[in-house]
Amino acid sequence: TDPVFVFFFAGARAPHWQPQAQGSLTGISLATDRADVARAIYAGLAMSLRDIVETIEACGARVRSVRLAGGLSRSQGLAQMKADMLGRPVTVMAESELTTQGLLAVGVTTLGAFADIQSAARALEASGVTYAPRLPSGVTTALFARYLEAVEDSLALTRKEPECGQA
């Protein structure tokens, strides 16, 4: 079996929200090599995104598209892994530093070049490369089930149990 990585370095973020949670790397053996660990890290990041998307959709909202930005969006391998784990296309934005782009939208709107920030943002937005899923859904569903087990194990380790005599 491949290792499973749970990315809780600063506690569990969405959708679990447990600040004391700690990350984990499980399923390793003497046969595990660096490539296995690297693949597990990418898969863990991609499956954390799937966890968020599935939670949003379970609440009744529809996720129409997934767009990637920021430093890690430059990794083609991670973008492909996210498309595979989500089972839907993901688009890497042409501009990875969206904070700067947002500030530009505010500035040009303030200067009167656009009627509102939404118009400025649409004009400045440029999509980049879109990655389509390549792995069969049966494979990713099995991997995701193992990931959710590892998440639950990580969360269980940091849950506070009442001490003797406290309720």
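Biologist: Which residues of the largest nonpolar core touch the most other members?

Modeller: This is a predicted model, in which local features need pLDDT of at least 70, side-chain atom pairs count only at pLDDT 80 or more, and totals for chains, interfaces and linings use all residues. Residues are numbered from 1 along each chain as its sequence is written, and side-chain values use heavy atoms, with hydrogens and water left out. A nonpolar core is a set of buried (under 20% relative accessible area, 1.4 Å probe, protein chains only) Ala, Val, Leu, Ile, Met, Phe, Trp, Tyr and Cys residues joined through side-chain atoms within 4.5 Å. Of the 15 residues in the largest one, those touching the most other members are Val-6, Phe-8, Met-47, Met-85, Tyr-147, Val-151 and Leu-155.

Biologist: Which element gives the largest share of this core?

Modeller: Helices (H or I, at least four residues) and strands (E, at least two) are DSSP runs, numbered from the N terminus. Two or more residues each come from strand 1 (4-6), helix 1 (34-58), helix 2 (76-86) and helix 5 (137-158). The largest share, five residues, comes from helix 5.

Biologist: Is helix 3 oblique or roughly parallel to helix 4?

Modeller: The axes, lines fitted to C-alpha atoms over the stretch in contact (heavy atoms within 4.5 Å), come within 9 Å and cross at roughly 130 degrees. Angles run from 0 to 180 degrees between N-to-C directions; those under 35 degrees count as roughly parallel, over 145 as roughly antiparallel, 65 to 115 as roughly perpendicular and the rest as oblique. Helix 3 is therefore, relative to helix 4, oblique.

How values were computed: Buried < 20%, exposed > 50% of the residue type's maximum accessible area, 1.4 Å probe, protein only.
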